[in-house]
Amino acid sequence: MPEQIKAKEPFKFYTRLHLSELTGLRATTLGQLAGLIKKVPGSSIYHHTHRFLQQHQYLSPEPPNDFAYWVTEILGEDELGEKLASIDTIQYSTIRALREKIVSTIEGHLKNNVLAKLRFARSQEEFYFMKSVSFVLPTGYSAVDLKEFTEALRKITIDSIYFHIFEARLRLERGGNDFSNWIEDSLGDKGLADEISNLDPYTQTLENLRNALIRILEKRMGTQWRT
Amino acid sequence: MAHIKEYIPIVGRSIVDDLQLIADKLQGKTIQHINSTAVGGGVAEILNRMVPLLKELGVDTRWDVIKGGEQFFEITKKFHNALHGRPEIINQHDFDAFMETTQKNIEEVDISGNIVFVHDPQPIGLVKKKSGNKWIWRCHIDVSNPNQKVWKFLRGFIDQYDSAVFSAPSFSQHLPIRQFLISPSIDPLSDKNKELPQETIDEVLQKYGITKDKPILTQISRFDRLKDPLGVIEAYQQVKRHIDCQLILAGGAASDDPEGLRVLEEVKEKAKNDRDIHILLLPQNDIEVNALQRVATIIIQKSLKEGFGLTVSEALWKAKPVVASNVGGIPLQVKHKYSGLLCHSVDGAAFAIKQLLNSPEYAKKLGENGREHIRSNFLLTRHLRDYMLLFLSLYHGEDVVYL
C-alpha cells in the first residue's frame with residue numbers, strides 16, 4: 001500500500017456541548033421580532049439559526065430555523081416563513097452578516113405586507129430569545145494522515161462534526177470549516193479541501209454529512225493509491 | 001438502580017464518554033442538592049436516579065432535605081398554586097411562618113457544597129447562608145404567569161443566587177442573574193419506560209377488560225381540570241362519529257384531593273352509556289402505565305396548563321403518535337407536524353386525531369421522529385450532561401468555554 005501523505009500538524013478532534021441560556025426577552029409581533037434580532041447577542045442569533053441542526057439531526061429534510069418555524073406555525077405568515085427558511089446560511093461568514101440578512105428579510109416583508117404587522121402570537125406562544133453557551137472539549141482523537149482522519153471521523157460524535165463544520169466557520173469565524181482548513185494547510189490538498197467546503201451542510205442531517213465526508217475522503221484516498 | 005454503562009445501548013457509547021469527560025472537569029467540587037422531600041413527587045424521583053449516577057461518574061454529590069411542619073407545607077402548597085396563576089389568599093402571617101421555618105433550616109442544614117443546588121421554593125431562603133460558594137435555584141414550576149405577591153417575595157431570595165434554571169422558555173422572567181433552560185427528562189430504564197414483554201401488556205389489558213379490536217386513544221393523567229379530561233371525551237366523541245375507536249383515560253386521584261374526586265365523578269358521568277370509554281383509576285403502578293401507553297394507537301395530552309408534561313416524552317419514547325396542547329413544555333417535545341401534532345381546542349384535537357387515524361403511515365413517521373427527538377433531548381443522560389455543564393458555567397461567564 002502506498003505511503004500516506006503525513007500532515008505538518010496533526011488534526012485534533014474537539015467536541016462541543018451546549019447549554020441554552022434564557023434571555024428573558026420575547027417577541028409577540030414581527031416588528032418586535034425584527035427589533036430584538038437587531039439587539040440580542042450574536043450567540044442568540046447563532047442559537048436560533050443552528051439549534052435545529054443538533055436537536056433534530058435525525059430528520060431529513062431538516063425543519064427550518066427557529067425564526068422561520070415561528071413565523072410560519074405561530075403567526076401564519078407562510079411567505080415570510082419560506083423566505084427565512086431558505087436563507088442560504090452557508091453564504092454568510094459572520095453572525096453579523098446573517099443577522100442583517102434576517103432583519104432585512106423581515107423588514108422587507110413588513111413594508112410590502114401591511115396586514116403582517118397586525119399578526120400577533122397568543123400568550124405562551126411568543127418568540128422567546130435564548131442563546132447558546134458552548135463548551136469545547138478535546139475528544140482524544142487525532143490524525144496525521146487521511147486514513148487516520150477518516151477512521152476518526154467514523155468514531156467521533158456528531159457534536160464533534162458539528163463543532164468543526166458549523167461552529168468553527170460561523171461562530172468562531174475561522175474563515176471556513178476546520179476539516180478543509182487542515183487538509184489544505186497541513187496536507188496541501190487544496191482540491192480535497194475545496195470539495196469539502198463546497199458541501200452544503202445545512203441541507204442534510206449530521207449523520208448524512210458524516211457519510212458524505214467519508215465518501216469524499218475514501219474516493220480521494222483511492223485516487224492517491226492508484227497514482 | 002441502573003449503572004451508567006447500562007445507558008450505552010440506548011444512547012451510544014460516545015454520549016456516555018462525553019458525560020465522563022465533563023465529570024472529570026468537576027473534580028474537586030462538591031455538589032449539594034437541597035429539596036423538601038426524599039420521596040414522592042417529581043423532584044425526589046429525578047434526584048433518586050441522578051445522584052447515584054453523578055457519584056458513579058466521580059462527581060462528589062450529596063443530597064439534603066429540609067424539615068418543615070404541616071403548616072409550612074400548607075403554605076408552600078399555596079405558594080405553588082399561586083405561582084401557577086391560581087387564586088390563593090396569602091397574607092403576611094403566611095410569609096412570617098415561612099420565614100420562621102426557613103430560619104430553623106438555616107440553623108440546622110449543614111452547607112458544605114462548593115455548589116449548592118436548591119430545588120423549588122420550599123428551601124429557597126437557605127441562600128441567606130451563602131458565603132463564597134455558588135448557588136443555583138432550580139424552578140420546576142410553570143411561572144409564566146405567577147401571582148405577583150408571591151413572586152416578589154421569592155425574588156428577594158432569587159436575586160441572591162448565581163443562576164436560575166427553568167424548564168421551558170415561557171417560564172423565564174426578567175432577572176438580574178443568569179438563567180438557563182434545562183428540561184426534565186425520563187429514564188429509559190425505569191419501569192414506566194423500559195421495554196415490556198407482550199405477555200405483560202396482554203395481562204394489563206385483560207385485567208382492565210380492554211380488547212384491541214378497534215383503535216385506542218389514550219390519555220394518561222391524574223383526574224385534574226388542568227388536564228381537561230372532559231375535553232378529551234368531547235374530542236373522542238367527535239372522532240367516533242366517523243371512525244370507530246375507544247378511549248382510555250387513566251390516572252390517579254389522591255384520596256386527600258376532593259377536587260380530583262369531583263373531576264373523576266364528572267368524567268364518569270360524561271362517559272356513561274359508552275362502553276368504549278375506559279376510565280381507569282390507577283394506583284401508582286408504573287408497569288401498568290407503561291403497558292397502557294404501549295398499546296395505544298394515539299396518545300393524547302390535552303392539558304390546559306402543564307409544568308412540563310413528561311407523559312408526552314413517555315409516549316414519544318414508545319414511538320407513539322401524539323396529539324397534545326401547545327402549552328408549557330409540550331411544544332419543546334412536539335414540533336408540530338414533525339414529531340406529533342399540536343392543538344389548541346377540542347375541535348383541533350379531534351381533527352388531528354382523525355388525520356392520524358386515517359393516515360397510519362404519517363402517524364408512524366411522527367412517532368418514529370418523536371422517539372429520536374426524545375433520545376437526543378429528553379433522556380436522563382442529557383439531563384445529567386446539562387446539569388454538569390450548568391455547574392461548570394458557574395465558573396465561566398463567556399459564551400464559548402474551552403475546557
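The legends below describe close-up views of a predicted model. Residues are numbered from 1 along each chain as its sequence is written, and chains are lettered from A, with ligands numbered from 1, in the order in which they are written. Local features need pLDDT of at least 70 and side-chain atom pairs count only at pLDDT 80 or more, while totals for chains, interfaces and linings use all residues; side-chain values use heavy atoms, with hydrogens and water left out.

**View 1. Overview of chain A.** Chain A has 10 helices and two strands (DSSP runs numbered from the N terminus; helices are H or I with at least four residues, strands are E with at least two). From the N terminus on, the order of elements is β-α-α-α-α-α-β-α-α-α-α-α. The C-alpha trace of chain A spans about 70 × 30 × 25 Å along its principal axes. Of the 227 residues in chain A, 58% are buried (under 20% relative accessible area; exposed is over 50% and partly exposed in between, with a 1.4 Å probe and protein chains only). Among contacts (heavy atoms within 4.5 Å) in chain A between residues at least 6 apart in sequence, 76% join residues at least 24 apart.

**View 2. Two phenylalanine pairs in chain A.** Over all chains, the structure holds 29 aromatic pairs (rings of Phe, Tyr and Trp, the last by its six-membered ring, with centres within 6.5 Å; planes under 30 degrees apart count as stacked, over 60 as edge-to-face and the rest as tilted). The ring centres of Phe13(A) and Phe149(A) are 5.3 Å apart and the planes are at 35°, so this pair is tilted. Phe13(A) belongs to strand 1 (residues 11–27) of chain A and Phe149(A) to helix 6 (residues 146–155) of chain A, so the pair ties together parts 136 residues apart in sequence. Phe13(A) and Phe149(A) are buried. For Phe67(A) and Phe129(A), the centres are 6.5 Å apart and the planes are at 50°, so this pair is tilted. Phe67(A) is in helix 3 (residues 66–73) of chain A and Phe129(A) in strand 2 (residues 127–143) of chain A, so the pair ties together parts 62 residues apart in sequence. Both Phe67(A) and Phe129(A) are buried.

**View 3. Surroundings of Ser160(A).** Ser160(A) lies in helix 7 of chain A and, at 0% relative accessibility, counts as buried. Its side chain reaches the backbone oxygen of Tyr14(A) at 2.6 Å. Leaving aside residues up to four places away in sequence, Ser160(A) touches Phe13(A), Tyr14(A), Thr15(A) and Thr139(A).

View 4. Side chains of opposite charge can pair when their charged atoms come close. A search of the whole structure finds 44 salt bridges over all chains (a side-chain nitrogen of Lys or Arg within 4 Å of a carboxyl oxygen of Asp or Glu). Asp145(A) forms a salt bridge with Lys6(A), with the closest N and O atoms 2.6 Å apart. Asp145(A) is in the loop between strand 2 and helix 6 of chain A and Lys6(A) in the segment before strand 1 of chain A, so the pair ties together parts 139 residues apart in sequence. Asp145(A) is buried, at a relative accessible area of 5%, whereas Lys6(A) is partly exposed, at 46%. Arg51(A) forms a salt bridge with Asp66(A), the closest N and O atoms being 2.7 Å apart. That pair links helix 2 of chain A, which holds Arg51(A), with helix 3 of chain A, which holds Asp66(A), 15 residues apart. Arg51(A) and Asp66(A) are buried.

**View 5. Interface of chain A and chain B.** In this interface, 41 residues of chain A are in contact with 44 residues of chain B. The buried area is about 3,800 Å², of which carbon and sulfur atoms give 59% (the accessible area, with a 1.4 Å probe, that two parts lose on being put together, summed over both). Two salt bridges are found across the interface. Asp399(B) forms a salt bridge with Lys131(A), with the closest N and O atoms 3.2 Å apart.

**View 6. Charged side chains and rings in chain B.** Asp187(B) and Arg49(B) meet in a salt bridge with an N to O distance of 2.5 Å. Lys29(B) lies over the face of Tyr395(B), 4.6 Å from the ring centre (NZ of Lys or CZ of Arg within 6 Å of the ring centre and within 35 degrees of the ring normal). The charged end of Arg371(B) sits over the ring of Trp317(B), 3.9 Å from its centre.

Note on methods: Polar contact = N/O pair within 3.5 Å; in protein donor to acceptor, adjacent residues only side chain to side chain.
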